Amino acid sequence: METRKARLILALRSQGVTDNKVLDAIERTQRELFTPELFTDRAWEDSALPIACGQTISQPFIVDLMTQSLKLEPRSRVLEIGTGSGYQTVILARIARLVYTVERYRTLLQAAEDRFKALGLLNVITRFGDGGEGWPEQAPFDRILVTAAAPEEPKTLLAQLKPSGVLVAPIGKGPVQSLRRYTGDGKGAFKAETLCDVRFVPLLEGTAREL
Ligand code: SAH
């Protein structure tokens, strides 16, 4: 595992992930705790892998790129939409002060909560719900990360961002979406940038009826 981990970190560096705080968080987080047993062997590959409920754990390169693009600060309060396995959540929680994470599948959320507990993370707050609605009671946030593809600019979430905040989300309706970053100008407007093409599962409305 250690050799595979070192190889992955090197590969990420060579692909432009230069933020040491992010690389350090990746290095300290055993990805095999977040993947189904069947895929333990592949946990340190730079690829997305299937998890329960037909969802996926994101590719490490994309997790890094998204985390780096958020420009986290140690005091940041972050909202994450789409807890999934909880892997991205942990990477955020190792860098930022507080992470609020929302998931629409109870099964996934429960498994992720067990992992946060096992890792002794005290700065992750979870919620079962429709992340498209954000978390109004805890808004405004310094940073928002959406890890499922929103069909269009997520206005409801942007409204829950601080004026100088940053939101990163895959935007698009097809199988390939654009990773977009919205940066607040401090006066209520947001500058939008396209970072790269990505493939995410869609952000769906409502909570899942199945477990
Ligand atoms: N960041 C995750 C990747 C999760 S895949 C990881 O590292 O494992 C995207 C997740 O978003 C899925 O678990 C999916 O169920 C969830 N999702 C999709 N639409 C959602 C919504 N409206 N609210 C909350 N979660 C949602």
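On a 1 Å grid over the protein atoms alone, a cavity is a set of points where a 1.4 Å probe fits but cannot get out. A pocket is an open set with protein on both sides within 12 Å along at least five of seven lines. Lining residues have an atom within 4 Å of a point. Grid points are joined across faces, edges and corners, and a volume is the space filled by probe spheres set on the points.

The model is predicted: local features need pLDDT of at least 70, side-chain atom pairs count only at pLDDT 80 or more, and totals for chains, interfaces and linings use all residues. Residues are numbered from 1 along each chain as its sequence is written, and side-chain values use heavy atoms, with hydrogens and water left out.

A search of the whole structure finds one cavity of 30 Å³ or more. The largest cavity holds about 360 Å³ of space. Its lining comprises 28 residues, and G82, G84, E103, T147 and A148 lie nearest the centre. At least two lining residues come from each of β2, α4 (87-93) and β4. By class, the lining has 13 nonpolar, 12 polar and three charged residues. Here Ala, Val, Leu, Ile, Met, Phe, Trp, Tyr, Cys and Pro count as nonpolar, Asp, Glu, Lys and Arg as charged, and the others, Gly among them, as polar.

The largest pocket has a volume of about 280 Å³. It is lined by 14 residues, with G132, A150, P151, L203 and E205 nearest its centre. Six of the lining residues are nonpolar, two are polar and six are charged.

Helices (H or I, at least four residues) and strands (E, at least two) are DSSP runs, numbered from the N terminus. Two strands pair if DSSP finds at least two bridges between them. Seven strands form an open sheet of mixed pairing, in the order β5-β4-β3-β6-β7-β8-β9. The edges are β5 (124-128) and β9 (190-198); each has a single partner strand, so one side of each lacks a neighbour in the sheet. From one strand to the next, the twist averages 15°. Axes are lines fitted to C-alpha atoms, for helices over the stretch in contact, and angles run from 0 to 180 degrees between N-to-C directions.

Strand β8 (residues 177-184) runs antiparallel to β9, and eight bridges join the two. G184 stands opposite F190 in β9. Two helices pack on the sheet, where contact means heavy atoms within 4.5 Å. Helix α3 (residues 60-69) touches β6 (141-146), β7 (161-171), β8 and β9, and its direction makes about 160° with that of β7. Helix α5 (residues 106-118) touches β4 (98-103) and β5, and its direction makes about 165° with that of β5.

Burial is set by relative accessible area: buried means under 20%, exposed over 50%, and partly exposed in between (1.4 Å probe, protein chains only). Nine of the 10 residues of α3 are buried, so the helix is largely enclosed by the rest of the structure. Among them are F61, I62, V63, L65 and M66.

Most residues other than glycine have a negative phi, and most peptide bonds are trans. K71 lies in the loop between α3 and β3 (77-81) and is partly exposed, at 48% relative accessible area. C53 also has a positive phi, near 65°. The loop between β1 (49-50) and β2 (56-57) holds C53, which is partly exposed at 26%. A cis peptide bond joins A139 and P140, with omega about 0°. P140 lies in the loop between β5 and β6.
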